Amino acid sequence: MSIASTTQQICFVVLSATTVVGSLGVVLLPNIVYSAFLLGGVFLSVAGLYLLLNASFVAAAQILVYVGAVNVLILFAIMLVNKQETLAAIPGLLLRRLLSGAVCAGLFALLLRVAFTTAWALPGPPPVGEEATIRIGEHLFTDYLLPFELASVLLLMAMIGAIVLARRDVFTTDVITGEPADQGLIEKERTPLLIETTTPEPTLLSKP
Amino acid sequence: MSTDLASPIPLEGFLTVAAMLFCVGVWGLINSRNAVRVLMSIELMLNAVNINLMAFSNYLDGQLIRGQVFAIFVITVAAAEAAVGLAILLSLYRNRETVDMERFNLLRW
């Protein structure tokens, strides 16, 4: 690492504070668009933490995949489903939040105890530093070749699955009439179980 | 050389940040009413796990950086999960006209 140790410590403190405060904002802010942008900030500061850990390739991958793809995808999803709805009040919501907060605090205490009481085998072997990308490439094409190829299959499956799930209009031919039919509308009519409150749409005939 | 490569940041610092991020993610996963926020909390938890993997890779496995390879696979799976999860969310929104998690109770016993 070429930068001084004090600089590293300052960077670590700033990036950790950004990460934790940003994640709290993601969870707690009422406006979900602000949450999505804060999530991008959290991803960026995690990438900075990776840089402090001598992992420039994974930091670049983090920025490209998380900030560039996942965050944009989440923003698109928010804008696609952005209907202003007033959430119905639930009895005991505050109690539920406090209880789950206590459980999470207990989990945090447990993790801290594990982190601070375990005798880590420090100092380990010296980090490779700038050669990390070369080592990752060697790993990916020698002993991690099978997971690497499986990851490509997984990405293909995810792409096809996302297209099939999110596609709106599936035009098929009706069995009875032989005419093209809108599969989504048919499914929606046949399964009224999925719709809680069906408000009859005002048609042209019912209008005065 | 060892003083040059010794990190001024303790390993426990990274583990603490990762633990906080993970716990915030768990809390958000349990308590979010909006389904998109649930997906965001899952991403937070995955990032916490990645920080742990990278920290162990740097401090305990500096020569064979297997933790970084694992982190790359986790990033891949997270991207696939986000795509499929948001597609499921869109399909759900089209059917139920809401993103409120409390109203997705079709599978409740």
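**Conventions.** I number residues from 1 along each chain as its sequence is written, with chains lettered from A in the order in which they are written. Since the model is predicted, I kept local features only at pLDDT of at least 70 and side-chain atom pairs only at pLDDT 80 or more, while totals for chains, interfaces and linings use all residues, and side-chain values rest on heavy atoms, with hydrogens and water left out.

**Entry 1, salt bridges.** I searched the whole structure and found four salt bridges over all chains, taking a salt bridge as a side-chain nitrogen of Lys or Arg within 4 Å of a carboxyl oxygen of Asp or Glu. One of them joins A:R96 to B:E102, with the closest N and O atoms 3.0 Å apart. This pair crosses between chains, from helix 4 (residues 93-117) of chain A to the segment after helix 4 (66-96) of chain B; I take helices as DSSP runs of H or I with at least four residues, numbered from the N terminus. I then looked up accessibility, where buried means under 20% relative accessible area, exposed over 50% and partly exposed in between (1.4 Å probe, protein chains only). A:R96 is partly exposed because its relative accessibility is 33%, and B:E102, at 22%, is partly exposed as well.

I found B:R33 and B:D100 in a salt bridge at 2.9 Å, N to O. B:R33 lies in the loop between helix 2 (11-31) and helix 3 (35-59) and B:D100 in the segment after helix 4, so the pair ties together parts 67 residues apart in sequence. Both B:R33 and B:D100 are buried. I also noted a salt bridge between B:D61 and B:R66, with 3.0 Å between the closest N and O atoms; B:D61 is buried at 14% relative accessibility, whereas B:R66 is partly exposed at 37%.

With contact taken as heavy atoms within 4.5 Å, I find 79 residues of chain B in contact with 88 residues of chain A. The two chains bury about 7900 Å² between them, 73% of it on carbon and sulfur atoms, where buried area is the accessible area (1.4 Å probe) that two parts lose on being put together, summed over both. B:W27, B:R37 and B:M40 supply 9% of the area that chain B buries against chain A, more than any other three residues. For salt bridges between chain B and chain A, my count is one.

Conventions. Helices (H or I, at least four residues) and strands (E, at least two) are DSSP runs, numbered from the N terminus.
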